[in-house]
Amino acid sequence: MAITVENIYAVKRYLKIPKRIQRLEQLLARVSPDYYQSHSFTGVGIPYDLTDTMQGCICPENGALEIITKENVYKKLIKKLSKRYLFFVEEFTLPEIEHLKQNIYSDLDLLVRACKQIDEINEYYEFMEESVIYSEEDKENIEEVHNINDQLEEMFGGI
């Protein structure tokens, strides 16, 4: 297997997953407090003159919905990344993972194994995605999104 720059970046991304999960958990813990700090449920405010409108309040149901939705997004992302990382590390021992983290280029055989493991994980997720049964409307929507992505890549040069 030939190792490319993309493979090396993929291995580095997988090795950084625990830090990314830790950061997402911190963000998850801050969702509710940050929301309450930045939104008003009481609707108070002093107008500068009679033409200004008062600050409106947020409906508690909408606020709760926004908080729960954002928390669920973070939880799903954490779960997805945790699962990917567990699939990745099941092939390696702890010293091998630490060795990859410290110097990714020092052991070529270990790097090749890591690249193969990532390829297997990607194939697994592609297979799982293909095995989902979509309705005709869903297939049309997916095809439309792919077409739009292709058009955007043509317009912006594959950025």
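Colleague: Leaving aside its neighbours within four places in sequence, which residues is Q117 in contact with?
Modeller: This is a predicted model, and in it Q117 is found in helix α5. Setting aside neighbours within four places in sequence, the residues in contact with Q117 are F87, F88, E90, E91 and F92.

Colleague: Is Q117 buried or exposed?
Modeller: The cut-off for buried is under 20% relative accessible area. Q117 has a relative accessible area of 5%, so Q117 is buried.

Colleague: What type of aromatic pair do Y35 and Y36 form?
Modeller: A search of the whole structure finds six aromatic pairs, and Y35 with Y36 is one of them. Y35 is buried, with a relative accessible area of 8%, whereas Y36 is partly exposed at 48%. Their centres are 6.4 Å apart with 85 degrees between the planes, and the pair is edge-to-face.

Colleague: Which residues form one aromatic cluster?
Modeller: F88 and F92, both in contact with Q117, belong to this cluster. Together with one tyrosine, the members are Y14, F88 and F92.

Colleague: Which residue lies over the face of Y125?
Modeller: A charge sits over a ring if, for Arg, CZ is within 6 Å of the ring centre and within 35 degrees of the ring normal. Here the distance from the ring centre of Y125 is 4.1 Å, and the residue over its face is R84.

Colleague: How far apart are the C-alpha atoms of L77 and I21?
Modeller: L77 has its place in helix α3, and with a relative accessible area of 25% L77 is partly exposed. Beyond its neighbours within four places in sequence, L77 is in contact with R20 and L24. L77 and I21 are 56 residues apart along the chain, yet their C-alpha atoms are separated by 8.4 Å.

Colleague: Now to charges. How many salt bridges are there?
Modeller: A salt bridge needs a side-chain nitrogen of Lys or Arg within 4 Å of a carboxyl oxygen of Asp or Glu. R30 with D34 passes at 2.7 Å, R113 with E96 at 3.0 Å, and K101 with E98 at 3.9 Å. The count comes to three.

Colleague: Which helix holds both R30 and D34?
Modeller: R30 is partly exposed at 36% relative accessible area, and D34 is partly exposed at 35%. The two are four residues apart, about one turn of the helix, and both lie in helix α2.

Colleague: How many residues apart are R113 and E96?
Modeller: The salt bridge of R113 with E96 has its closest N and O atoms 3.0 Å apart. R113 is in helix α5 and E96 in helix α4 (residues 94–102), so the pair links distant parts of the chain. The separation of R113 and E96 is 17 residues.

Colleague: How much accessible area do I148, L152, M155 and F156 have together?
Modeller: These residues form a nonpolar patch on the surface. One of them, L152, lies in helix α6 (residues 136–156) and counts as partly exposed at 38% relative accessibility. The accessible area of the patch is about 410 Å².

Colleague: Finally, the whole chain. What percentage of the residues of the protein count as buried?
Modeller: The protein has six helices and zero strands, and its accessible surface comes to about 12300 Å². Of its 159 residues, the share that counts as buried is 22%.

Note on methods
Residues numbered from 1 in each chain as written. Predicted model: local features only at pLDDT ≥ 70, side-chain atom pairs only at ≥ 80, totals over all residues. Heavy atoms only, no water. Buried < 20%, exposed > 50% of the residue type's maximum accessible area, 1.4 Å probe, protein only. Areas by Shrake-Rupley, 256 points an atom, 1.4 Å probe, with all protein chains shown as cover. Phe/Tyr/Trp six-rings, centres within 6.5 Å; stacked < 30°, edge-to-face > 60°. Patch = residues over 30% accessible without salt bridge, like charges linked within 9 Å, V, L, I, M, F, W, Y side chains within 5 Å. Contact = heavy atoms within 4.5 Å.
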